[in-house]
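The following note sets out a colleague's remarks on the model under review.

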Amino acid sequence: MSLISVAHAAGEGTSQGGGFEMLIMLGMFAVIFYFMIYRPQSKRVKEHKSLMASMSKGDEVLTSGGLVGKITKIADDNDFISIELNHANEVVIKKDFVTAVLPKGTLKSL
């Protein structure tokens, strides 16, 4: 019978301070979440918004679909741009799908 009472007493002693340790662990997870997920994502979104704002007519761009072309028209009232792929083909896409502005002369080197 003494073995059961000793085991029961040991189980009661471990529950002290459990709530504070749980708060510390939740705080650590929040900090890890912020630095590993939220902060880099918000930085990418900020960079993409500045990229979209800096685009102008004549820039050579790369889209998320893999198209490379030169901007021929930017609509001010909505978020669409016209991209000339070559002299015969022109497409209209949303500004959001532009992933990079390429250096001048990239199309001639392809």
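1. Surface. The model is a predicted one. Its protein chain exposes about 8,600 Å², and 64% of that area is supplied by carbon and sulfur atoms. Of the 110 residues in the chain, 15% count as buried.

2. Secondary structure and contacts. Three helices and five strands make up the assigned elements of the protein chain. Along the sequence they follow the order α-α-β-β-β-β-β-α. Among contacts between residues at least 6 apart in sequence, 41% join residues at least 24 apart.

3. Nonpolar core. In soluble globular proteins, nonpolar side chains tend to be buried together. Here the largest nonpolar core has eight residues.

4. Thr 63. Strand β1, which spans residues 60-63, contains Thr 63. Is this residue buried or exposed? Thr 63 counts as buried because its relative accessibility is 8%, under the 20% cut-off. Residues up to four places away in sequence not being counted, Thr 63 touches Ile 83, Ile 93, Phe 97, Val 98 and Thr 99.

5. Ala 75. The loop between β2 (68-74) and β3 (80-84) holds Ala 75. At 16% relative accessibility, Ala 75 also falls under the 20% limit and therefore counts as buried. Not counting residues up to four places away in sequence, Ala 75 touches Phe 80 and Lys 95. Between Ala 75 and Lys 94, which are 19 residues apart in sequence, the C-alpha to C-alpha distance is 9.9 Å.

6. Largest pocket. Which residues line the largest pocket? The lining consists of Glu 60, Lys 70, Glu 84, Leu 85, Asn 86, His 87, Leu 107 and Lys 108. By class, these residues divide into four charged, two polar and two nonpolar. The volume of the largest pocket is about 160 Å³. Glu 60, one of the lining residues, lies in the residue range of strand β1, as does Thr 63.

How values were computed. Residues are numbered from 1 along each chain as its sequence is written. This is a predicted model: local features need pLDDT of at least 70, side-chain atom pairs count only at pLDDT 80 or more; totals for chains, interfaces and linings use all residues. Side-chain values use heavy atoms; hydrogens and water are left out. Helices (H or I, at least four residues) and strands (E, at least two) are DSSP runs, numbered from the N terminus. Buried means under 20% relative accessible area, exposed over 50%, partly exposed in between (1.4 Å probe, protein chains only). Contact means heavy atoms within 4.5 Å. Accessible areas come from the Shrake-Rupley method with a 1.4 Å probe; for residues, only the protein chains shown count as cover. On a 1 Å grid over the protein atoms alone, a cavity is a set of points where a 1.4 Å probe fits but cannot get out, and a pocket is an open set with protein on both sides within 12 Å along at least five of seven lines; lining residues have an atom within 4 Å of a point. Grid points are joined across faces, edges and corners, and a volume is the space filled by probe spheres set on the points. Ala, Val, Leu, Ile, Met, Phe, Trp, Tyr, Cys and Pro count as nonpolar, Asp, Glu, Lys and Arg as charged, and the others, Gly among them, as polar. A nonpolar core is a set of buried Ala, Val, Leu, Ile, Met, Phe, Trp, Tyr and Cys residues joined through side-chain atoms within 4.5 Å.
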